[in-house]
Amino acid sequence: MNNLVVDLTHGGVKISVSLKKKGENVLAYDIYNTLNDEDRRMLEAYGVELLDDLGDLENFNGRMKVIYPVHLPLTHEEISENNPDLDYTFITHHEAIREILGEWGCDIPVVEITGVKGKTSCAFMLKEILFDKNPLILSSLGALLYENGREIVLKKNISITPANIKETVDLAYKIANPVCEIAEGTAESENLRKYSSAIFESSLGVSGIGDVGLLTNICENYPIAKNRSSASEAKRQVFRCPAVACEKESFDKYYSDVVHPKINTFSLTDNAANLYAKSVSYSLDKSEITVEYRDVTTISGKNLSGTLTVKTFAPGSHHVSNVLGVILTALMLEIKEEKIINGLANYNGITGRTNKRSNGEFIIIEEINPGINTDAIKQSIKMIDDLDTYYIAVGGDYGITCEEIDEDKVSHYLDSLDCDLILTGDVGLSIASKMSKNVKVMKEYSDIFDMAKNNRKNLLFIYRSDYRKLSQR
């Protein structure tokens, strides 16, 4: 069978090479024309045949597997019009990674996380809970390995495309199996592994290799694939996992048709969920959350019910919702309550993402995320009890994610606020032009921090950006 890997921009090179290593016949099509010379040489070295365009399909017959990313607007017509006799099937990059990895991870707890918001926060809360199991992590902050309390950065600038799950596994293998050690006979096994759990974040669905798939929310169902699909449809892939934790509101709205033996739901307000927040005492430092859970089906088929109280960094309701998803995921993995409580107590936010810091005189709360939208801005501002003591800075960069910010909606909301508002960055400048009232505009976000420091005033900094850019300031 031929495998046609479409889109070499979002992990297609890794998928192509991985399939060739398994002895498959592989074709590749650089649909965006972004293939660099190094990757081109790699494909040539492994014998991957590059198509100039889909018209080249007329030269092939028999069976073909067309492997494409879920966000790509590829249609059956585009394949069949070039070769109407071709016997082909479509599978996503996510599905291909599941096939490539095979039985990898079958002996360790593996969690895959998707959703519109909260994925990275959930990944790092789970990291704290699974800390003694030396978790291997792929997140928007990089590919990381934790070994006996030590963080090992496998790769910093890495996207959360499905192919990078395989890349993360490969990088961890190289760390555990140095060629020199094996050559010198000092390694006892060619299959050494330094991790005993794994957490993988993915933007548009999951591969299905997770013991539990966590779907944080569908707070905005943005279009993908040139409006031929949507976020909710892409993230439906989470139900490929043998067990799923899903926000109840999202499940009821988008997935009520799904038939699956192990779906558990969580909710901030709906006590019909398998796990819900019985009470929340909010704090900018550590919120206290009591949850009640019932009839939670675990990965081994056990049925759990009970109550649990945790204290963790969750200053807003959207943070608490993430905590609920994490608790439910941990219960489904049959992790003991004490370990969940202690792990969440150790979570203090993510520096440069959602975190609070203070110099004793004033407070800075940062909400930095590539997917910040109107609802996220509202939830962040709701965290603040006394807006008079804060500068509220809102802004960001363009071209961060598939989901673009609705500036008209944001400007309408910000017009309704009575606070010391500052707009910054390219997004902030554009929003300011759409507002009916005059607001302070500062193009350089660093100037806002200086102003807050000089005036000894608290700052809530909400910025739509890649974490790595702002973490360098």
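A: Let us begin with the term contact, which means that heavy atoms lie within 4.5 Å. This is a predicted model, and with that cut-off I365, when its neighbours within four places in sequence are left aside, is in contact with L284, N355, K356, M383, I384, Y390, L459, L460 and F461.

Q: Where does I365 lie, and is I365 buried or exposed?

A: I365 belongs to strand β20, which covers residues 363-369. Buried means under 20% relative accessible area, and because I365 has 1% relative accessibility, it counts as buried. As for distance, I365 and V258 are separated by 107 residues in sequence and, from C-alpha to C-alpha, by 39 Å in space.

Q: What is the general idea behind a nonpolar core, and how many residues has the largest nonpolar core here?

A: In soluble globular proteins, nonpolar side chains tend to be buried together. In this model the largest nonpolar core has 44 residues, and those with the most contacts inside it are L275, I327, I340 and L344. Helix α10 gives the largest share of this core, nine residues. Another core lies apart from it, with 37 residues, including L35, A96, L101 and L136.

Q: Which residues does L275 touch, not counting those up to four places away in sequence?

A: With that exclusion, L275 touches T265, F266, S267, V291, E292, Y293, L324, I327, L328 and L331.

Q: How many cavities of 30 Å³ or more does the structure hold, and which residues line the largest cavity?

A: A cavity is a space where a 1.4 Å probe fits but cannot get out. The structure holds one cavity of 30 Å³ or more, and the largest cavity contains about 40 Å³ of space. Its lining consists of S121, M125, F313, A314, H319, N322, V323 and Y347. The elements giving two or more residues to that lining are α5 (119-129) and α10 (317-332), with the largest share, three residues, coming from α10. By class, the lining has five nonpolar, three polar and no charged residues.

Methods:
Residues are numbered from 1 along each chain as its sequence is written. This is a predicted model: local features need pLDDT of at least 70, side-chain atom pairs count only at pLDDT 80 or more; totals for chains, interfaces and linings use all residues. Side-chain values use heavy atoms; hydrogens and water are left out. On a 1 Å grid over the protein atoms alone, a cavity is a set of points where a 1.4 Å probe fits but cannot get out, and a pocket is an open set with protein on both sides within 12 Å along at least five of seven lines; lining residues have an atom within 4 Å of a point. Grid points are joined across faces, edges and corners, and a volume is the space filled by probe spheres set on the points. Helices (H or I, at least four residues) and strands (E, at least two) are DSSP runs, numbered from the N terminus. Ala, Val, Leu, Ile, Met, Phe, Trp, Tyr, Cys and Pro count as nonpolar, Asp, Glu, Lys and Arg as charged, and the others, Gly among them, as polar. A nonpolar core is a set of buried Ala, Val, Leu, Ile, Met, Phe, Trp, Tyr and Cys residues joined through side-chain atoms within 4.5 Å. Buried means under 20% relative accessible area, exposed over 50%, partly exposed in between (1.4 Å probe, protein chains only).
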